[in-house]
Amino acid sequence: MKMNNTFEISYLGHSCFLIRTINGKNLLVDPWLRTNKSAAIMPEEVHDIDMIAVTHGAWDHLGDAIEICKQNNAHLFCGAEVALHAIDKGIKEENITKMIYGTALTYQNIGIRAIVAHHISMVEYKEQILSGSALSYIFRMEDGTGIYFSGDTCIFSDLKLYSELYPVDIAIIGMDNLPGCPIEMSGEEAALVAKWMDVDVAIPMHYPPDSLEPKKFATTLEKTRVKPVILKPGQVFSYERKSYNGKVKE
Amino acid sequence: MKMNNTFEISYLGHSCFLIRTINGKNLLVDPWLRTNKSAAIMPEEVHDIDMIAVTHGAWDHLGDAIEICKQNNAHLFCGAEVALHAIDKGIKEENITKMIYGTALTYQNIGIRAIVAHHISMVEYKEQILSGSALSYIFRMEDGTGIYFSGDTCIFSDLKLYSELYPVDIAIIGMDNLPGCPIEMSGEEAALVAKWMDVDVAIPMHYPPDSLEPKKFATTLEKTRVKPVILKPGQVFSYERKSYNGKVKE
Amino acid sequence: MKMNNTFEISYLGHSCFLIRTINGKNLLVDPWLRTNKSAAIMPEEVHDIDMIAVTHGAWDHLGDAIEICKQNNAHLFCGAEVALHAIDKGIKEENITKMIYGTALTYQNIGIRAIVAHHISMVEYKEQILSGSALSYIFRMEDGTGIYFSGDTCIFSDLKLYSELYPVDIAIIGMDNLPGCPIEMSGEEAALVAKWMDVDVAIPMHYPPDSLEPKKFATTLEKTRVKPVILKPGQVFSYERKSYNGKVKE
């Protein structure tokens with residue numbers, strides 16, 4: 001049962017988060033679940049999803065978005081190339097909003113803004129491979145809380161600018177990579193992003209179970225006002241804006 | 001009849017501008033006209049175009065460029081993916097210059113420089129969809145006046161750097177979007193870009209008739225040295241560098 | 001014969017460099033040789049290549065990489081779209097590492113890091129054209145020396161940030177372009193990048209034989225601590241970190 005003015009961020013594994021808003025809307029991000037051995041739940045166990053945001057076309061981010069979108073009749077926010085892929089896979093065009101850098105809108109009282117990410121996006125589309133633009137997001141909760149979701153971007157300076165223009169309280173930042181894949185952002189770099197953004201809370205994602213990067217991330221944030229919150233798949237972080245405190249439950 | 005040392009910027013609707021240079025050359029930018037209900041003229045009414053610059057592959061920017069290019073035997077400046085599309089649609093390769101970030105050249109005494117834009121470009125090419133790189137431009141008139149044309153980029157800090165390296169006097173900046181499409185840049189953000197660039201004149205574009213963004217843009221620029229000039233489709237803004245004044249005529 | 005603690009950078013023409021590391025590993029970058037009239041050697045004369053780094057899909061950068069990769073059983077570092085092209089042309093997937101902005105790994109004691117570049121990449125892939133992300137690289141030698149290789153990026157401010165995060169001693173920077181192609185970076189801009197990076201040595205590339213840009217580059221670097229080293233195809237620059245000196249031999 002949700003408390004007043006509190007929203008919940010559930011970590012479902014890798015880069016997948018479920019944000020349950022103050023008004024009880026469910027926003028799912030980068031839902032790679034079925035083939036992720038560390039996933040907290042399976043796609044068919046995800047219910048009542050109102051909206052899904054996908055950062056880019058990659059199997060570990062687009063993941064099970066199409067399936068979950070259909071099952072939940074959820075609205076999909078994604079780049080143009082992912083949108084074409086999704087339509088081709090049976091998602092209705094009216095259930096998709098194409099996002100690109102700068103695009104901002106409000107959907108069911110939640111602000112959804114795509115910002116620049118420096119990464120690549122590739123999807124299958126009919127008989128071809130189609131590349132596009134990887135995105136990051138800033139979500140705006142009903143109480144004004146801003147949540148940055150990095151996707152797979154590397155570090156770049158304008159994250160300072162964007163957090164000034166669009167204030168961020170919680171940053172969910174990728175680091176390391178899947179086993180066998182070279183690192184894309186280090187824990188120290190992710191911590192630098194969190195400091196630039198001057199967030200209350202910074203949550204690491206996108207790392208394998210044995211990664212050292214979340215620890216480096218937390219260590220780098222010591223003696224700053226940013227509180228690192230390292231979640232295990234299945235854990236839920238609840239946040240109330242006024243108190244500037246959050247707590248983790250299993 | 002053009003005055004000495006004066007050039008004219010005609011707003012043809014949405015993101016389409018016709019720049020008539022001091023020497024009487026005609027540069028057309030992002031010519032979406034035929035299906036734009038607010039367009040000042042139709043493609044077949046456009047005459048004596050020497051060059052067309054297209055920022056990116058999108059129906060509201062590429063627009064009628066191919067048709068106008070053929071009718072006027074104009075030279076086309078565009079990204080590589082738009083170039084492939086244009087060649088496929090019958091434009092001769094020698095009539096196209098492929099542009100990419102940093103590319104700068106002089107054509108008929110007009111400097112044409114592509115700079116970074118953070119947006120997406122997609123075109124049809126033969127049986128496939130081909131993505132590429134959306135561009136912004138800085139045009140250099142015969143008298144040295146620099147005109148920035150944003151295309152659809154979102155805001156980013158290096159617009160400061162680029163306007164330092166390649167001085168800009170007039171900035172034509174997109175804001176809002178077509179009806180039904182989420183906003184890509186706000187009036188306030190566009191004003192911030194104009195201030196960074198320290199331009200004399202800033203002209204909004206890319207907004208629907210009832211948009212509130214141009215007004216916000218103008219309000220944000222009050223008490224700065226930047227003069228906002230809001231044009232209606234069909235209006236012409238004439239600018240003489242020496243006087244640092246411009247005037248609008250119907 | 002290599003000296004202790006010295007590595008050698010051989011300029012093979014246009015944007016192709018062969019870096020022979022302290023431990024005798026051979027790293028080849030952007031190997032366009034066969035159809036380059038100014039190339040120092042032909043692809044079949046290149047031997048004992050351990051790794052090839054390609055910045056982007058363009059005939060003057062991807063060049064003869066596939067052929068040389070096969071002949072030398074070399075490992076290929078490149079973007080995802082170039083990787084697909086290479087696999088389609090017969091390179092084994094296990095001999096390729098896909099790189100994207102931020103990706104960093106160590107291979108045979110050499111650090112290979114892809115950083116942001118603002119340019120375009122396009123390759124043929126089966127029956128389609130596939131675009132992707134152009135890269136720049138920072139290579140880390142066994143002794144810690146950092147070598148920046150720009151590829152075809154335009155200038156942008158975060159090169160300062162990246163050289164702070166990943167220190168660079170030698171910058172190899174593109175300027176001008178092939179005959180008949182518009183310039184992408186000027187000598188002055190390349191010099192500004194070198195100054196931002198605060199490198200010991202800056203080496204120009206990507207210019208035609210009669211280009212004025214390398215001279216402008218060198219002139220702009222006068223009275224700075226950055227030493228410009230202009231190499232002719234076939235020349236070798238050797239560098240020993242401790243001495244902070246390098247010398248050129250034919």
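Guide: A salt bridge is counted here when a side-chain nitrogen of Lys or Arg lies within 4 Å of a carboxyl oxygen of Asp or Glu. The model is predicted, so that local features need pLDDT of at least 70 and side-chain atom pairs count only at pLDDT 80 or more, while totals for chains, interfaces and linings use all residues. Residues are numbered from 1 along each chain as its sequence is written, chains are lettered from A and ligands numbered from 1 in the order in which they are written, and side-chain values use heavy atoms, with hydrogens and water left out.

Let us begin with chain C. By the rule above, one salt bridge is found across the interface of chain A and chain C. Glu189(A) makes this kind of pair with Arg113(C), with 3.9 Å between the closest N and O atoms. On the side of chain A that touches chain C, two or more residues each come from strand 8 (110–125), strand 9 (128–140) and helix 4 (187–197) of chain A; helices (H or I, at least four residues) and strands (E, at least two) are DSSP runs numbered from the N terminus. Strand 8 of chain A gives the most to this side, with four residues. Sorted by class, this side of chain A has 10 nonpolar, five polar and two charged residues. In this sorting, Ala, Val, Leu, Ile, Met, Phe, Trp, Tyr, Cys and Pro are nonpolar, Asp, Glu, Lys and Arg are charged, and the others, Gly among them, are polar.

Contact, meaning heavy atoms within 4.5 Å, joins 17 residues of chain A to 25 residues of chain C. The area buried between chain A and chain C is about 1600 Å², with carbon and sulfur atoms giving 64%. Ile120(A), Ile129(A) and Pro182(A) supply 28% of the area that chain A buries against chain C, more than any other three residues. Buried area is the accessible area (1.4 Å probe) that two parts lose on being put together, summed over both.

We now turn to chain B. Here the contact takes 25 residues from chain A and 17 residues from chain B. About 1600 Å² is buried between chain A and chain B, 65% of it on carbon and sulfur atoms. Within chain A, the residues that lose the most area to chain B are Ile100(A), Tyr101(A) and Gln128(A), together 25% of what that side buries.

Between chain A and chain B the count is one salt bridge. It joins Arg113(A) to Glu189(B), whose closest N and O atoms are 3.8 Å apart. There are also six residue pairs in polar contact across the interface of chain A and chain B (both at pLDDT 80 or more). Two or more residues each are given to the side of chain A that touches chain B by helix 2 (80–88), strand 6 (96–98), strand 7 (104–107), strand 8, strand 9 and helix 3 of chain A. Strand 9 of chain A gives the most to this side, with five residues. By class, the side of chain A that touches chain B has 13 nonpolar, eight polar and four charged residues. A polar contact is a pair of N or O atoms within 3.5 Å; within protein, one must be able to donate a hydrogen and the other to accept it, and residues adjacent in sequence count only if both atoms are side-chain atoms.
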